[in-house]
Amino acid sequence: MGKGGALSEGVVKKILLSYAYVGIWITLSFSVIVYNKYILDRKMYNWPYPISLTMIHMGFCSSLAYLLVKVFKVVEPVQMSRDLYLKSVVPIGLLYSLSLWLSNSAYIYLSVSFIQMLKALMPVAVYSIGVLLKKESFKSDTMANMVSISIGVAIAAYGEAKFDSWGVILQLGAVAFEATRLVMIQILLTSKGISLNPITSLYYVAPCCLVFLSIPWIIVEYPLLRDTSSFHFDYLIFGTNSFCAFALNLAVFLLVGKTSALTMNVAGVVKDWLLIAFSWSVIKDRVTLVNLFGYGLAFLAVGYYNLSKLQALKAKEAQKKAGQTDEEAGRLLEERQGENAGKKDESQG
């Protein structure tokens, strides 16, 4: 009885911790998105400089990641040659910088709710790019699923009250670059047996992003900031915003490390609905019934896609275990045959 009670207590504790990790990630992800919207939106804080904001994030994250890896040694740096860094990390850093730049730029033109709806296209982009780069195999049922997601997002876009073509182009570009980055991580790093957690990822990638972002910043935003004599750097606003962005990376590490990537996907859906509700009720963005119908259709298709991936993963694991069991059985059979042969030789001797 005591043993069963202890087991139940352990299970409850594990469930509560999982909910805590999910809650922390949703809170931080929600905060970063709303905070970025607040800073960049012309009707709120009115600081429409997405490249500068992204550079502040990357500079802050680079500094803290360096302290955690090199000074406090919280995590060990990955052994990486200069050639591997230039051929793998640099392209990933370029894609990441473009993705962050465009996604932050979209907040100037689009509502928070509509941006979350457009982000539902991420599985479509990842799968399509994976097929093009021969990382994924083409399957007609999966492609039909991708078309369903796309139709849902198209309906949501059709029903958007404040549709802005340039904002949509920016957000779709951000999705495309982010999807390419995720596929390239698989091709350039995972295939080589290199795995980066969010801290080591920031340690290697964030300085690279900072360098890439400095080029368009010098051309596009620096002249505007230089001519804005009224601008002063608000350490409280940008400091807390950057800290939230860094904390979000740690929360990703905590959530995926202690639960699973699938849990994060499910939590992401909850976060999207919360953001849509917040955008409608607090920021007073207009959300139409057509918006919700389209996103609901995309949401169901994404849910089905995640379920299919989970079932495929379970089948693969079951097949792997079955293979291990067959291998162990074969080894035991060989050992027994060897023992029997030894006994036979002894009896003959």
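These legends describe close-up views of aromatic side chains in a predicted model.

View 1. The ring centres of tyrosine 45 and phenylalanine 238 are 6.2 Å apart and the planes meet at 85°, so the pair is edge-to-face. Tyrosine 45 sits in the loop between helix H1 (2-40) and helix H2 (50-71), while phenylalanine 238 belongs to helix H9 (residues 235-258). The pair thus links distant parts of the chain, 193 residues apart. Tyrosine 45 has 24% relative accessibility and counts as partly exposed, whereas phenylalanine 238, at 1%, counts as buried.

**View 2. Tyrosine 66 and tyrosine 203 form a stacked pair.** The centres of these two rings, tyrosine 66 and tyrosine 203, lie 6.5 Å apart with their planes at 20°; planes under 30 degrees apart count as stacked, so the pair falls in that class. Because tyrosine 66 lies in helix H2 and tyrosine 203 in helix H8 (residues 198-227), the contact ties together parts that are 137 residues apart in sequence. Tyrosine 66 is partly exposed, with a relative accessible area of 44%. Tyrosine 203 is buried, with a value of 18%, as buried means under 20%.

**View 3. Ring pairs link a set of aromatic residues into a cluster.** The members are Tyr38, Tyr45, Trp47, Tyr49, Phe233, Tyr235 and Phe238. The edge-to-face pair of tyrosine 45 and phenylalanine 238 involves two residues of this cluster.

**View 4. Arginine 181 lies over the face of tyrosine 96.** The distance from arginine 181 to the ring centre of tyrosine 96 is 4.4 Å.

Note on methods:
Residues are numbered from 1 along each chain as its sequence is written. This is a predicted model: local features need pLDDT of at least 70, side-chain atom pairs count only at pLDDT 80 or more; totals for chains, interfaces and linings use all residues. Side-chain values use heavy atoms; hydrogens and water are left out. Rings of Phe, Tyr and Trp (its six-membered ring) pair if their centres lie within 6.5 Å; planes under 30 degrees apart count as stacked, over 60 as edge-to-face and the rest as tilted. Helices (H or I, at least four residues) and strands (E, at least two) are DSSP runs, numbered from the N terminus. Buried means under 20% relative accessible area, exposed over 50%, partly exposed in between (1.4 Å probe, protein chains only). A charge sits over a ring if NZ of Lys or CZ of Arg is within 6 Å of the ring centre and within 35 degrees of the ring normal.
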